[in-house]
Amino acid sequence: LPIAMAVMEQIKRGELDLDEKIGVTKEDMVRQGQRSPLRDANPNGGEFTIRELIRLSLVESDGTASDVLMRVAGGANEIQSYLSLIGIQDIKVVNTEKEIGKDWQTQYENWATPIASIELVDSLGGLSEHILLEGSPLILNNMLESKPGQNRLKGRLPAEALVYHKTGTSGTQNGITGATNDIGIIWLPNGNRLGIAVFVSDSPADEKTREAVIAKIAKACWDKWSAGGTN
């Protein structure tokens, strides 16, 4: 999500174009076992627009697409510069997904606090009365269509609930799953919006249990704040 937002900022400045085509090679692909529908459908690579890469990264949680977008943006330092620009301090984007896939410990150098994650989605205008950042509608629409994590924030909510979200999931080593996360914005029946971030870290539980924790917390928030209150 922060990578896509940084790219949209460069598009706003005229440095990139949404329909600009970017070459993706086999060397760009994350390894098997890391999620990448782009790699699975195009094992020899190809050309994709920035718009397509953003959709793949946000809707499909595609690691290859995310890495290519980071490259297009100018690397991890540019992502951190963008986060500083919008006032986000406690999110660190240091490595590509491909680098994370090579070494278990590397993932821990890339982190976010739940509060900073809420600040990030708030900067899109999702919790405000107006859109704050260029490209927010495109990003929010992709978050609304996000496919992974259907049993997380959305798991126990009504089917018609509008949930703009982005999951994060690590691998599992020695029975421990480093990250099972979901952050986003939930539109409540009373018209208010709820910013929510639930992180399940270093858990020995199975996927069903980890995701159920996230779903139960989201449902508790839905039940508590649906009747009234403020944004």
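## The main nonpolar core

Which residues touch the most other members of the largest nonpolar core? In this predicted model, they are L1, I50 and I54, out of 44 residues in that core. Two or more residues each come from α1 (2-12), β1 (21-24), α3 (50-59), α4 (63-73), α5 (76-85), α7 (114-123), α8 (136-144) and β7 (176-187). The top contributor is α1, which supplies seven residues.

As general background, nonpolar side chains in soluble globular proteins tend to be buried together.

## A look around I50

I50 is a handy place to start when you explore the structure. Leaving aside residues up to four places away in sequence, I50 touches V7, I11, L16, D17, L18, E20, I22, L69 and V72.

## How α3 meets α4

Two packed helices are described by the angle and the distance between their axes. Here, the axes of α3 and α4 come within 8 Å and cross at roughly 135°. Angles over 145 degrees would count as roughly antiparallel, so α3 and α4 are oblique to each other. Their crossing is left-handed.

On the α3 side, the contact involves I50, L53, I54, L56 and S57. Their partners in α4 are A65, S66, V68, L69 and V72. Sorted by class, this contact between α3 and α4 has eight nonpolar residues, two polar ones and no charged ones.

Notes:
Residues are numbered from 1 along each chain as its sequence is written. This is a predicted model: local features need pLDDT of at least 70, side-chain atom pairs count only at pLDDT 80 or more; totals for chains, interfaces and linings use all residues. Side-chain values use heavy atoms; hydrogens and water are left out. A nonpolar core is a set of buried Ala, Val, Leu, Ile, Met, Phe, Trp, Tyr and Cys residues joined through side-chain atoms within 4.5 Å. Buried means under 20% relative accessible area, exposed over 50%, partly exposed in between (1.4 Å probe, protein chains only). Helices (H or I, at least four residues) and strands (E, at least two) are DSSP runs, numbered from the N terminus. Contact means heavy atoms within 4.5 Å. Axes are lines fitted to C-alpha atoms, for helices over the stretch in contact, and angles run from 0 to 180 degrees between N-to-C directions. Angles under 35 degrees count as roughly parallel, over 145 as roughly antiparallel, 65 to 115 as roughly perpendicular and the rest as oblique. A crossing is left-handed if the near helix is turned anticlockwise from the far one by less than a right angle, and right-handed if clockwise. Ala, Val, Leu, Ile, Met, Phe, Trp, Tyr, Cys and Pro count as nonpolar, Asp, Glu, Lys and Arg as charged, and the others, Gly among them, as polar.
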